[in-house]
Amino acid sequence: MTALLQDLRVSVRTLSARPGFTLTVVAVLALGIGANVALFSLAKALLSDPPPGVQDPERLALVGRVQDGEGFDTFGWPELADYRAGMPSLSELAAFSVLDATVSTDAGAERQRTILVTGNYFETLGVRPAAGRLLVPADSEHIGETAVAVLRYGLAESLFGSPAEAVGRTVRINGTPVEVVGVTPPGFRGHDNLQRQDAWLPITLQPRVMAMGSVELFEGRGTVWIELLGRLAPDPTFEQARTEAATIGARLRAE
């Protein structure tokens, strides 16, 4: 219980430090005692500056957790499958985890804001590459195997001169060599305008690039470390998504 409370405190601090998400937020608790389900509709208030390169951002949702009226947004890895299976109102549901990492080449090393994502992350956002390709589901199928990366347009320019020159090159993320397979379009900073993202890796590389990473984080529900980002299917509403999420949350609490 102590570890859980520590996780919750960290999650609450993380969310409170990022109040300006430019996404509609579907907040729901999957696990925990005394949890409630809530829906925070932030699109009309905060969607004044949609993330460049993202298609139909008003259809995006951040799936998070609430307890005693406080919001926090992390899950254990197994919950991703639960919510994918139980939320047909979403056409896509991706997971991500932010990683402040050292990105290095033969020319030097710099701290860059890196994000670990499932292979459908860019498909969920509707983003298209400026060069090469973006991550695909096959990139995150096997833990620790596919060592590839996508770079932000500006970072690719600064490291290699142009996006086209970056594709096929190798960079080291926290010392792990990865191949650059693609570059995002100009202006794209990620799904959160307040927190620029510089590089994207398959989430399954976490044991190799995260200091406290381990294969065990993919196996248990007790450690919460991923955030969920979804896109509504063409017809469903956010209210339908909230109802589906509440149903899953109730089932998981009962189990």
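Before the details, the basis. The model is predicted, so local features need pLDDT of at least 70 and side-chain atom pairs count only at pLDDT 80 or more, while totals for chains, interfaces and linings use all residues. Residues are numbered from 1 along each chain as its sequence is written, and side-chain values use heavy atoms, with hydrogens and water left out.

The overall picture, then. The protein has eight helices and twelve strands; helices are DSSP runs of H or I with at least four residues, strands are runs of E with at least two, and both are numbered from the N terminus. Of its 255 residues, 52% count as buried. Buried here means under 20% relative accessible area, exposed means over 50%, and partly exposed is in between, with a 1.4 Å probe and protein chains only. Among contacts with a separation of 6 or more, 72% come from residues 24 or more positions apart. A contact means heavy atoms within 4.5 Å.

Next, strand β8, residues 148-151. V148 and V150 are on one side, A149 and L151 are on the other, and all are buried, which leaves both faces of the strand covered. As for its partners, two strands pair if DSSP finds at least two bridges between them. With strand β10, residues 176-183, the pairing of β8 is parallel, over four bridges, and V148 stands opposite E179. With strand β11, residues 199-202, the pairing is antiparallel, over two bridges. There L151 stands opposite A199.

Now the helix pair. Helix α3, residues 77-86, packs against helix α8, residues 238-254, at an angle of about 135 degrees, and the axes are 9 Å apart. That angle makes α3 oblique to α8. To give the cut-offs, under 35 degrees is roughly parallel, over 145 roughly antiparallel, 65 to 115 roughly perpendicular, and the rest oblique. The axes are lines fitted to C-alpha atoms, for helices over the stretch in contact, and the angles run from 0 to 180 degrees between N-to-C directions. On the α3 side the contact involves E79, D82, Y83 and G86; on the α8 side, E244, A245, I248, G249, R251 and L252. By class, the contact residues of α3 and α8 are four nonpolar, two polar and four charged.

Two single residues come next. A95 is in strand β5, residues 90-105, and counts as buried because its relative accessibility is 0%. Its contacts beyond four places in sequence include W77, L116, I203 and L228. Leaving out residues up to four places away, T124 touches L60, E92, L93, A94, L229, G230 and R231.

Last, backbone angles. Most residues other than glycine have a negative phi. D56 has a positive phi, near 45 degrees, and sits in the loop between α2 (43-46) and β3 (60-67). At 45% relative accessibility, D56 counts as partly exposed. N174 has a positive phi, near 50 degrees. The place of N174 is the loop between β9 (170-173) and β10, and with a relative accessible area of 32% N174 is partly exposed.

Methods: Nonpolar A, V, L, I, M, F, W, Y, C, P; charged D, E, K, R; others polar.
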